[in-house]
Each structure stands twice: as structure tokens, then as C-alpha cells.
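Trainee: Mind if we go through this one together? I'd like to start with the charged side chains.

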Amino acid sequence: MVDLDQIWSDYGQALRGFLRARVSDPDDVEDLLQEIMIRTHRSLSDLREDTKLRAWIYQIARNVVIDHYRTSGHGKDLQADDLWYQEPDPATARDELADCIAPMVRALPAEYAEVLTAVDLEGQAQKDYAAARGVPYSTLKSQVQSGRKQLRSLFENCCRFSLDTRGDVSDYEIKSDGCKKC
């Protein structure tokens, strides 16, 4: 059984990014993150399979966001199926690969790993990140693009991907030489 500290260590930053993409007020994001932690703690004994932890924690997060909008009056008749940001089914290729993103990012050169961690994994706005580090915004945008290209290259060195008509990963196959990064 996984404990709450381990869950928070593994998913805390990703959940913060998930919330930032859906809730504009940073204070609300922090409040909702605490609510997710409370609900996770209360329901941890209900989790039957540790292998479904990621899907379970994101279901809690989606419900917290829905409840937030309902109580604020912005979504009185809001249902989970109405939301455009539904988390993919845990059996999908995209979801299976999601656990590889952080290790792959850490395999990048430090300057790219740092910026992609902040921007893509933690959800920090590029302009805010650039301002905090005294880097011109255009330079930071170039770093993000270069980092993403290198990340894609790492993924393509490990796996063959099949894309659907929208360009989303529909299936993948690990190359015969394998991949040791995730």
C-alpha cells in the first residue's frame, strides 16, 4: 500500500500543474491542492489496486475542480462528462507514457531539464519563469522549444509511435534495444 507522503512526492507537482491549467487564481490552486490531499487521505484505504493510483488520484482532482466550480456558481449544472479536459483512460498509450516524462526530462541537459520541469511539469507560465530568472522571454521560448525537440528525440530513440488523425499518440512499441530512461 502506498502512503500519502509517497503519493505527494510522486504527484504533487503534476497535480499543481493540472490545477493551474484549469483554475486561474493561484490561491484557489493551492486550496484545491490541499483539498485533493485531504480527500486522498480520507479515501486511501478504498484504493484496491496500487497500479491504478495515477488514474484514481486524477479522478479525485477532477472531482475537486468540478466541486470548486459548482460552489463558486460557475458550473451549477456541470457534470464530469461536460469537461473538455477529461483524463485519458488508464489503458491508453498516452497515459502509459506519462510516467516516462519526468525521467526523460531529467535525462536532458540541465538547462533544458530545469526549464521543462518548471514550464511543462509544474505549469509555471513561461513569462513568469523568464522574469524570475532575468532571461528575455524570447530566449526562454527558444529554450523551451529546443528542450521539447530534444525530449521528443529521446522518446523516439526509445519507442516507435503510431499517431491518430489529431497527431496524438494512439499506440507505441518499445524498440528492440530497449530504453533505460523510464
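Trainee: How many salt bridges are there in the whole structure?

Mentor: A search finds seven, counting a side-chain nitrogen of Lys or Arg within 4 Å of a carboxyl oxygen of Asp or Glu. This is a predicted model, so local features need pLDDT of at least 70, side-chain atom pairs count only at pLDDT 80 or more, and totals for chains, interfaces and linings use all residues. Residues are numbered from 1 along each chain as its sequence is written, and side-chain values use heavy atoms, with hydrogens and water left out.

Trainee: OK, what does Arg 16 pair with?

Mentor: Glu 30, at 2.9 Å, N to O. Arg 16 is in helix α1 and Glu 30 in helix α2 (residues 26-43), 14 residues apart; helices are DSSP runs of H or I, at least four residues, numbered from the N terminus.

Trainee: Is Arg 16 buried or exposed?

Mentor: Arg 16 counts as buried, at 16% relative accessibility. Buried means under 20% relative accessible area, exposed over 50%, partly exposed in between (1.4 Å probe, protein chains only). Glu 30, at 32%, is partly exposed.

Trainee: Which residues form a network?

Mentor: Glu 35, Arg 39, Asp 67 and Arg 70, joined by salt bridges that share partners.

Trainee: Switching to rings, how many aromatic pairs are there?

Mentor: One, taking Phe, Tyr and Trp (its six-membered ring) with centres within 6.5 Å; planes under 30 degrees apart are stacked, over 60 edge-to-face, the rest tilted. Phe 18 and Tyr 58 have ring centres 5.2 Å apart and planes at 75 degrees, so they're edge-to-face.

Trainee: Are those two buried or exposed?

Mentor: Both Phe 18 and Tyr 58 are buried.

Definitions and conventions. Helix = DSSP H or I, 4+ residues; strand = E, 2+ residues; numbered from the N terminus.
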